[in-house]
Amino acid sequence: MHQLHTQTVGLPATITFAILAGLTVIGALFTITRRNPVVAVISLVGTFFALAGVYASLSAHFLAILQILVYAGAIMVLFIFVVMILNRDEITRVAARGMVRRGLGVVAAGYVVWLLASVVANSSATPLLGGPLSEPGADFGTVASVGASLFTDFMFPFEAVSLLLLVAVVGGLVVSRSEKQEDDAEETARRRAQVATEIRPESMVGGPTDATANHEAAHH
Amino acid sequence: MPTLYYLYLSFALFFIGTAGVLLRRNALIVLMAIELQLNAGNLALLAFSRSLGDLKGHVFAFFVIALAAAEAAVGLAILVGMYRTRQTINLDEVATMKR
Amino acid sequence: MTLANLPSFRHLVPENILVLGILALVGLSLARRPASRRLAGAIAFLACLAALAATALTAESQPRVLFHGLLARDLFGDFFKYLGLVTTAFVILVAQRSRDAIDYRNEDREAPEFYALLLSAALAVNLMAAASDLLTAYVGLELVSVMSYILAGFTPGSRRSAEAALKYVVYGGVASGAMLYGMSLLYGLAASTDLATIGRAAATAPALPVLFAAVLCLAGFGFKIAVVPFHMWCPDVYEGAPTPVTAFLSVAPKAGGFALLLRVFGQISGHAQGLADRSPWLLVLLVVAATTMTWGNLAALGQQNLKRLLAYSSIAQAGYVLLGVAAGGVAGQEAVLFYLAVYLFISLAAFTAVAAVADSGGGESVAEYAGLGYRMPLVAFVLSVALFALTGLPPTAGFIGKYYLFAALIERGHNGGGAAFYIVAVAAVLNSVVSLYYYARVLRAMYIDSASATHQTVAVAAVHRVVLVALTVPTILLGVYWSPLRDLVHAAVGTW
């Protein structure tokens, strides 16, 4: 068993992980430091692709594809649309105001994360966390197995989330409307109703020709 | 690869996301940094799931992706609504309500 | 006894009714008929009442676990469902005559969407109340958060509303990210997302990682209940959001958040050798609660906008309730549930009063409330009762609620909690005294300052009057005769 572990965790796997992890971190850093929002979005897409590779190395095949389809595909496309709508460049990369306080906040966050990492690494839970990964079954992380679990044991949250998506779409439409849009819509509706009430009496009169209909409509 | 290395990567991503939220003032970049944080959590879930041999982590990560998509969509819609009202998406300029 | 999927639906009648209501409202919003505002309100209100009745009728004293361990149906969850649904029903009534949410002067404002979002938020609070798994907790929390973001930004063209929604999204996103990380750590340590299993694992796993994971989860839950340091969004969102939405946000997500807090942390720290025994977790909770109380009260002292003042006051109130969570045990939990029920009536009454004043053309600043005692006597009276109750003065229900909280603290300090509990109890009493100062400022403006010469009474809408009376009566009544609520709370606690 031990030999099996050392055989599966070989040099190619280490190099692959190092490359993917490096790409992920570099992409993430680029995302938060770029001045141009379009470049930031593109680097986030790259980060997600690298992350999908990391997921695949964790035998999470379904999640890796989902990451590409949903995150890199759908959500990032949404971001690109919004960037195009807003069409603004960031004038300052990092705002100067309150810089000291925010810098302290970042340092504090970094310290906390480092503390957390060291606690997790040094705790006696390390056998769970530190050992080389055991070889999973052949259908671990495949669409079939995750789907089976999703539609039987986790059917309830699945339905709840589908309801959430419906209401979120409705809400998203509502919250991005502007008052001018509202007034324009009302105006159009009013005009349409006006035109409908003008034409309807003519159509009730038995089958006049188009010319007489237009003639009578012109008189009203 | 030991699970721990994946956890280190997720810690790094989480920290980068938090730093992005704290340092950047462009609301769009901040939303992207939040997505980084959520992905860090997803990575941790999948790493644990692999080392435990349990598929619950995968299902949880699936839901996180779905919910993150909904939250991103709503966040972006609010951003667009804000832009239509104020013509800015800079979090510092958006401060009409005094403390 | 864990039930499978199909048999579990029998216990989910209230949620099914809410879902039907939501679908009906979404369908109505597509129809775009001119009379949709009243019809939408009627559908939403009836759905709430039907769900309330269904919860009461299908309640069983025997707790059950549904859906392969994801959801629980017990009296504890039912209590929070009552809180959420009652809040939603009152908010629907208040929104009928509000100008900033669904302007009743303008027929085409998106009423069906508003009510659909409100019902979805109520459904989410139901999920949070009944969660027995980290996944359901996360889904419920995210659902209520997303609905709240949208509702906060509902007024079109309003700068304050858009700003409130944006700040809410940003802070909320960070909080959920942190909470998700904590949940993933709990999953790794316990090999399961089921709360009971996590509770057992917390007793055997190394304490420090569990502590960190619990603190990260506290970030997410704490954000929902607005405790320090996750409170930054609260004043801006409460001020900028439409007033009925603020009324809803001040009660329902808080109730759901506390339900989750009690369930999750009760499992992690409640058992023998749990987090409470092996780490300074209780001290963390006490420090957070004490800081929240003090910060909320001090920050409210200088506020001029009434909604903002009430927001800081509500932050402080969450601090008091968190003390009850820290006290723990049967007494602590009962105190938390009792206070939340009482707080529902008080907070809704206060915000309905604000909405009534805004509807009649008045503003939101304390200065504009001058002479309100003469202009709108009913509203001023209700607001006074609510402020007295928030301070915790007899004979209001707020006094009884605070009494139970402090009693739980003292009892815990007596039973080996240490001096910290006594100190915090004293601090809480001092904070209540401080809060009297800024509440009295509003009272003084209403009754003593008469800036305007005209003391002509202004009409208050009928629906507002009904709601105000319906909320004030329990506030005073429960201050005198509170055993029915006490019995309900007693039956609820300990069933999970």
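How many residues of chain B are in contact with chain C? I looked this up and found 35 residues of chain B in contact with 31 residues of chain C. I took contact to be C-beta atoms, placed from the backbone, within 7 Å.

Ground rules for these entries. The model is predicted, so I noted that local features need pLDDT of at least 70, that side-chain atom pairs count only at pLDDT 80 or more, and that totals for chains, interfaces and linings use all residues. Residues are numbered from 1 along each chain as its sequence is written, while chains are lettered from A and ligands numbered from 1 in the order in which they are written.

**Chain B against chain C.** I checked the source of this side by element (helices are DSSP runs of H or I, at least four residues; strands are runs of E, at least two; both numbered from the N terminus). Helix 1, helix 2 and helix 3 of chain B each supply at least two residues. Helix 3 of chain B gives the largest share, 16 residues. By class I read 23 nonpolar, 8 polar and 4 charged residues. Nonpolar means Ala, Val, Leu, Ile, Met, Phe, Trp, Tyr, Cys and Pro; charged means Asp, Glu, Lys and Arg; the others, Gly among them, are polar.

**Chain B against chain A.** Here 60 residues of chain B are in contact with 72 residues of chain A. Helix 1 (3–23), helix 2 (27–52) and helix 3 (56–86) of chain B each supply at least two residues of this side. Helix 3 of chain B gives the most, with 22 residues. I read 45 nonpolar, 10 polar and 5 charged residues on this side of chain B.

**Chain C.** I listed 21 helices and 2 strands in chain C. Its radius of gyration, over C-alpha atoms, is 22 Å, close to the 23 Å of the globule rule for 496 residues, so chain C is as compact as a globular protein of that length. The rule is 2.2 Å times the number of residues to the power 0.38. The C-alpha trace of chain C spans about 70 × 55 × 40 Å along its principal axes.

**Helices 2 and 3 of chain A.** I looked at helix 2 (residues 11–33) and helix 3 (residues 37–57) of chain A: their axes come within 8 Å and cross at roughly 155°. That makes the two helices roughly antiparallel (over 145 degrees). The contact includes A:Phe17 and A:Leu20 of helix 2 and A:Leu44 and A:Val54 of helix 3. By class it has 11 nonpolar, 9 polar and no charged residues.

Notes
Two residues are in contact if their C-beta atoms, placed from the backbone, lie within 7 Å. Axes are lines fitted to C-alpha atoms, for helices over the stretch in contact, and angles run from 0 to 180 degrees between N-to-C directions. Angles under 35 degrees count as roughly parallel, over 145 as roughly antiparallel, 65 to 115 as roughly perpendicular and the rest as oblique.
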